[in-house]
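Good morning, and thank you for making time for this item.

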Amino acid sequence: MAATPITASTRYINPGVTVVLWLPSVANKSAPTRAEINAGTDLSREIADNSGWQTTSNQSDAPDMGSRFTGKVAGRISADDSSLTTYASKNGIDSRQLMPRDATGFVAWMDGGDVAGQPMDVFPVTVSSVSKPRSVGDEVARIVHQFAITSQPAENVTIPA
C-alpha cells in the first residue's frame with residue numbers, strides 16, 4: 001500500500017494577499033484577540049521590502065561511546081535579524097511616526113490574508129533602528145526599520161473571527 005499523499009497546497013504569491021500588521025499591544029502573543037488586531041495598523045500597502053521574519057534552530061552534536069556516528073539534536077531556536085522597508089513621505093508622516101526607534105510592539109504576518117481560522121505568525125519586537133537610505137537614482141525614498149525580536153515568536157496562531 002502506498003503512503004497517503006500530502007494535501008495539495010493552494011499556491012499564491014504574497015503581494016495582494018499577505019497582510020502585515022503593527023500591533024502596539026497584545027496580552028497573549030499565542031492568542032491575539034480581534035480587538036487587539038483591529039487596534040493595530042495594516043502596513044501592507046507601504047512595505048517595499050522585508051528581510052528575516054523566520055526562526056531557525058541550531059544543531060548540537062550528540063556523540064556517544066557506542067558508535068562512531070555522531071548524531072544530532074535540535075538546539076537553541078533563534079530568529080533571523082529582521083527588517084521592514086517602507087516608503088517615505090515627503091512630509092514625514094509615515095512609518096517613522098508609528099514605529100520610532102525603541103518602540104515595542106508586535107509584527108503580525110497573515111500570509112493568507114486576514115481570514116478567521118487561518119494561521120498567522122506574531123513576532124514580539126523592539127524597533128532597534130530607523131534609517132533613511134538615500135539614493136541619487138530613480139528609487140523611491142524609503143525607510144528601513146530594523147527589529148530586535150525579543151522573545152520566541154508565536155507561529156501558526158489561529159486568526160480570530
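I shall begin with the basis of the model, then turn to the fold, the cores and selected positions.

What is shown is a predicted model, in which local features need pLDDT of at least 70 and side-chain atom pairs count only at pLDDT 80 or more, while totals for chains, interfaces and linings use all residues. Residues are numbered from 1 along each chain as its sequence is written, and side-chain values use heavy atoms, with hydrogens and water left out.

Let us take the fold. The protein chain contains 10 strands and 2 helices; here helices (H or I, at least four residues) and strands (E, at least two) are DSSP runs, numbered from the N terminus. Their order along the sequence is β-α-β-β-β-β-β-α-β-β-β-β.

As to overall dimensions, the radius of gyration of the protein chain is 19 Å, whereas a compact globule of 161 residues would have one near 15 Å. That radius is taken over C-alpha atoms, and the globule rule is 2.2 Å times the number of residues to the power 0.38. Along the principal axes, the C-alpha atoms fill a box of roughly 70 × 35 × 35 Å.

Of the 161 residues, 30% are buried. Buried means under 20% relative accessible area, exposed over 50%, and partly exposed in between, with a 1.4 Å probe and protein chains only. The accessible surface of the protein chain is about 10,500 Å², and carbon and sulfur atoms hold 50% of that surface. These areas come from the Shrake-Rupley method with a 1.4 Å probe; for residues, only the protein chains shown count as cover.

Contact means heavy atoms within 4.5 Å. Among contacts in the protein chain with a separation of 6 or more, 65% are between residues 24 or more positions apart.

I come now to the interior. In soluble globular proteins, nonpolar side chains tend to be buried together. A nonpolar core, as used here, is a set of buried Ala, Val, Leu, Ile, Met, Phe, Trp, Tyr and Cys residues joined through side-chain atoms within 4.5 Å. The largest such core has 16 residues, and W22, W53, L84, V107 and F147 touch the most other members. Two or more residues of this core come from each of β1 (19-23), β7 (104-110), β8 (119-131) and β9 (142-149). Strand β8 supplies the largest share, 4 residues. Another core lies apart from it, with 13 residues that include V19, L23, A108 and A154.

Which residues does W53 touch, not counting those up to four places away in sequence? They are S82, S83, L84, V107, W109, F123, V125, F147 and I149.

F147 itself sits in strand β9 and is buried, at 5% relative accessibility. With residues up to four places away in sequence not counted, F147 touches W22, W53, S82, S83, L84, M99, V107, V125, T126, V127 and S128.

M99, one of those partners of F147, lies in the loop between α2 and β7. Is M99 buried or exposed? M99 counts as buried, with 0% relative accessibility. Beyond its neighbours within four places in sequence, M99 is in contact with W22, L43, V127, V130, H145 and F147.

P153 touches T55, V122, F123 and P124, residues up to four places away in sequence not being counted.

Let me turn to exposed positions. R68, in the loop between β4 (55-62) and β5 (71-79), is exposed at 85% relative accessibility. R68 and Q118 are 50 residues apart in sequence, and their C-alpha atoms are 45 Å apart in space.

Finally, I draw attention to two residues other than glycine with positive phi. D102 has phi near 75 degrees; this residue is in the loop between α2 (95-98) and β7 and is exposed, with a relative accessible area of 59%. N156 has phi near 60 degrees; this residue is in strand β10 (residues 154-158) and counts as exposed at 60% relative accessibility.

That concludes my remarks.
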